[in-house]
Amino acid sequence: MSEQLLKKVRHEFTAIYNYEPTGVWSAPGRVNLIGEHTDYNEGFVFPFAINRSTFATISLRADNLIRVASSFSPVTHEIDVRNIQKSEENQWAAYPFGVAWAIQQMSDVQATGFDCFIESDVPVGAGLSSSAAIECAVGVALNELWNAGLTKPQLAKAGQLAENEIVGAPTGIMDQSASLLGKKDHGVFLDCQSLEAEVVELGFAKAGLELLIIDTKVAHRHADGGYASRRAACELGAKTMGVPSLRYLTSADLHKAQELLDDVTFRRVRHVVTENERVLKTVERLKEQGPKSIGDLMYASHQSMRDDFEISVDELDEAVKIAEGFGAIGARMTGGGFGGAAIALVPSELIDQMTVAIKYAFKQGGFIEPNIFAVTAADGAARV
Ligand code: ADP
Ligand code: MG
C-alpha cells in the first residue's frame with residue numbers, strides 16, 4: 001500500500017505544480033492501546049504508531065507563497081508564510097498552514113514558501129489520528145527543509161500548537177508524540193505531566209498476535225458536550241479532593257473520594273484513577289510477561305469507560321463482547337468515546353473468523369457495517 005502511495009504522491013505533485021518535488025516525508029496515524037481520558041488529568045497514556053501513514057511531498061519556493069493540495073481535494077489552498085492566521089477559509093489546509101506557523105513561533109527560521117501535496121491511507125475520523133499524521137509529516141519536512149533544528153518532542157508540541165491555535169481544536173499532545181516517537185513493534189508510554197516518553201516493546205508479532213481495529217463508523221455523538229462535562233467532572237473531583245489533578249490520587253484514595261463526592265463525579269474520578277493504574281500495569285506486564293498478559297486490563301478499561309465514565313455506545317460494547325466471545329486476548333473501545341473505534345488483541349488465526357462474526361452481529365443488531373482491519377506498530381515520522 002505505502003509503495004503505491006509513494007509513487008502516487010510524487011506523480012500528483014508533478015502533475016499539479018509542473019516540476020519534480022524535493023522529497024517525501026511520512027508520518028503514521030496512531031491507536032491508543034490503553035489510557036483514555038487520562039491525558040488532561042496529567043496522567044499516563046500508551047499509544048502506538050500504526051502502519052498507516054500520511055505522505056507529504058514538499059519543495060521550498062524562493063518567495064513567501066505556500067501552496068498545498070491533497071488527494072482529498074486537488075484544489076490548492078494558498079497563504080503567505082509570514083501571515084498565517086486562523087480562518088474558516090483554510091479548511092483542511094489549516095493543518096499544514098498551522099504547522100508552518102507553529103515552527104516559526106518555536107524557532108528563529110528564515111521561513112520561505114513551499115509547494116506541498118498530501119496523500120494518506122489513515123482513515124479520517126476513525127480515532128486513528130489522521131490529523132496528527134498530517135501535522136507530523138509536514139512538521140518533519142519543514143523542520144528539515146527550513147533547518148529549524150527542532151527535536152521530535154518539540155515537533156510534537158508544534159503539531160499541538162497548530163491544532164490548538166490555527167485549526168482551533170483543544171487537543172492534547174498524545175497523538176503527535178506517538179506519530180513522531182513510534183517504533184516498530186513498540187508502544188509509546190507517555191507521562192502527560194512531564195511529557196517524558198519511553199518506548200516499550202509490545203511483542204505482538206512474536207506472540208502471534210495482531211491488533212484488530214473495529215471502526216464502528218458511528219460519528220462521535222454528543223462528543224463535544226460529553227467531553228466538556230467529563231473534563232469538568234474531573235476538575236471538580238480533583239478540587240474537592242484537594243489535589244492539583246487526578247494524577248495525584250490512587251485506588252487507596254477512592255474510599256475517601258466516595259465519601260466526599262456525588263455518585264456521578266465519584267465514578268468519573270474512579271475511571272481516571274483506575275485507568276492510570278491500568279496503564280502502568282500494562283507497561284509493567286509487557287516488560288515482565290509479554291502481551292498475552294494484558295488482556296484483563298483491556299477488558300477492565302472498557303468496563304470502566306462503559307459504566308463509570310459512560311462514554312461507550314452500543315456498537316462499541318457489542319464489538320468488545322463479540323471479540324471476547326471469539327477468543328480475543330483483550331478488547332476495549334479506544335479514543336474519546338461516543339462512537340469511533342474499538343480494538344481487540346487477537347491471535348492471528350482468529351482474525352478472519354472474528355471479523356465475520358462482528359459483521360454478522362452488527363447486521364443482526366441493525367448497526368452500520370463496521371470497517372475492520374488489523375494494524376501493526378510502526379516506526380514514527382521520517383523522510384522516505
Ligand atoms: P482524526 O481522528 O482522524 O484525527 P480529526 O477530525 O482530528 O480526525 O482530523 C481529521 C481532519 O484532518 C480532516 O477533516 C481533514 O481536515 C484533515 N486531514 C486528515 N488527513 C488529511 C488528508 N490526507 N488530506 C487533507 N486533510 C486531511
Ligand atoms: Mg485528530
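Colleague: What makes the pair formed by Ser70 and ligand 1 a polar contact?

Modeller: In this predicted model, a polar side-chain atom of Ser70 lies 2.8 Å from a nitrogen atom of ligand 1. A polar contact is a pair of N or O atoms within 3.5 Å, and the Ser70 pair, at 2.8 Å, therefore counts as one. An N or O atom in the side chain of Ser130 is 2.7 Å from an oxygen atom of the ligand, and for Ser131 the corresponding distance to a ligand oxygen is 2.9 Å. The protein covers 77% of the 570 Å² of accessible area that ligand 1 has on its own, the areas coming from the Shrake-Rupley method with a 1.4 Å probe.

Colleague: What are the conventions behind such values?

Modeller: Residues are numbered from 1 along each chain as its sequence is written, and chains are lettered from A and ligands numbered from 1 in the order in which they are written. Because the model is predicted, local features need pLDDT of at least 70 and side-chain atom pairs count only at pLDDT 80 or more, while totals for chains, interfaces and linings use all residues; side-chain values use heavy atoms, with hydrogens and water left out.

Colleague: Why is Ser129 called buried?

Modeller: Buried means under 20% relative accessible area, exposed over 50%, and partly exposed in between (1.4 Å probe, protein chains only). Ser129 has 9% relative accessibility, so it counts as buried. Ser129 lies in the loop between S5 and H3 and has a positive phi of about 55° although it is not a glycine.

Colleague: Is His37 buried or exposed, and where is it found?

Modeller: His37 has a relative accessible area of 5% and is therefore buried. His37 is found in the loop between strand S1 (23–34) and strand S2 (44–60), with a positive phi of about 60° although it is not a glycine.

Definitions and conventions. Polar contact = N/O pair within 3.5 Å; in protein donor to acceptor, adjacent residues only side chain to side chain. Helix = DSSP H or I, 4+ residues; strand = E, 2+ residues; numbered from the N terminus.
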